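Today I will talk about charged side chains and how they pair. Please look at the structure before I go through the pairs.

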Amino acid sequence: MKLYGLIGYPLGHSFSKGYFKEKFEKENITDCQYENFPIPNISDFPALLAQHPDLKGLNVTIPYKEVVIPYLDELTPAAEKIGAVNCIDIRNGVKRGYNTDVIGFTRSLEPLLQPHHNRALVLGTGGAAKAVIYALQQLGIHVTVVSRQGTSHAVAYHQLTPELLEANTIIINTTPLGMYPEVTTCPDIPFQYITSRHLLYDLVYNPAATTFLQKGAEKGAIIKNGHEMLILQAEASWEIWNGGFSQRRKKSKEA
């Protein structure tokens with residue numbers, strides 16, 4: 001039996017286990033199993049691997065996408081540049097880190113892009129934000145990061161002007177604001193400046209229409225949640241575990 005799973009903490013909201021269980025049943029895959037592994041601290045990771053020597057691959061979720069890197073042997077160039085991993089391939093004792101968030105996000109965003117969608121605001125600075133920023137840059141889209149406190153690399157929410165909103169016609173929420181059960185929460189952007197030229201994308205998928213997306217829709221914006229991205233990143237993980245991705249690179253000493 002080939003064992004796959006998800007590490008993170010907590011994992012009560014996990015999408016992956018249900019998705020792969022349904023996938024295995026639907027595709028009559030009988031020699032694979034997918035489990036949740038909620039580890040309270042990333043330092044528990046080596047013990048988990050020792051307890052489950054049959055592990056072939058893992059997905060990684062909050063809060064371990066960045067801090068898992070020192071425990072890996074190799075990274076793909078994309079994962080190394082992003083600085084976050086959400087998929088691990090375990091083969092012959094070698095743990096290779098990938099970022100399939102960037103694959104899922106890119107594949108789900110591209111069909112929505114119009115010629116005027118060339119500048120984006122990315123709300124948040126975590127591991128998911130890093131994947132989104134990398135994906136946008138690969139697509140030739142200029143990125144401005146928005147955080148609670150302005151820094152040399154990001155503007156603060158209170159610094160969002162009408163001009164910034166007009167220029168940045170893509171706005172992506174990578175924060176957990178609006179996720180069930182806190183469904184009334186929302187990134188604090190000036191929605192009065194949103195128009196039908198805007199594309200609002202929320203990585204949150206539960207609920208399907210977050211307050212962020214609802215407010216965008218009220219202004220005529222194109223909206224999209226993160227559900228398709230999750231499916232696409234899960235499928236990309238499956239491709240990796242089954243040898244579909246061959247591009248690898250040894251982890252740098254700095255990673």
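Start with Lys-224 and Glu-228: their side chains form a salt bridge, with 2.5 Å from N to O. This is a predicted model, so please keep that in mind for every distance I quote. Why does such a pair count as a salt bridge? It counts because a side-chain nitrogen of Lys or Arg lies within 4 Å of a carboxyl oxygen of Asp or Glu. In general, side chains of opposite charge can pair when their charged atoms come close.

Next, Lys-21 and Glu-25. Their closest N and O atoms are 2.9 Å apart, and the two residues form a salt bridge. Both sit in helix α1, residues 16-26, and four residues separate them, about one turn of the helix. Are they buried or exposed? Lys-21 is exposed, and Glu-25 is exposed as well.

Now a pair that links distant parts of the chain: Glu-239 belongs to helix α8 (residues 227-241), Arg-107 to helix α4 (residues 100-109), and they are 132 residues apart. In their salt bridge, the closest N and O atoms are 3.8 Å apart. Glu-239 is partly exposed, with a relative accessible area of 33%. Arg-107 is partly exposed too, and its value is 39%.

Salt bridges can also join up. Which residues are linked in a network of salt bridges? They are Glu-74, Asp-89, Arg-91 and Arg-96.

To finish with the total: the structure holds twelve salt bridges.

Conventions. Residues are numbered from 1 along each chain as its sequence is written. This is a predicted model: local features need pLDDT of at least 70, side-chain atom pairs count only at pLDDT 80 or more; totals for chains, interfaces and linings use all residues. Side-chain values use heavy atoms; hydrogens and water are left out. Helices (H or I, at least four residues) and strands (E, at least two) are DSSP runs, numbered from the N terminus. Buried means under 20% relative accessible area, exposed over 50%, partly exposed in between (1.4 Å probe, protein chains only).
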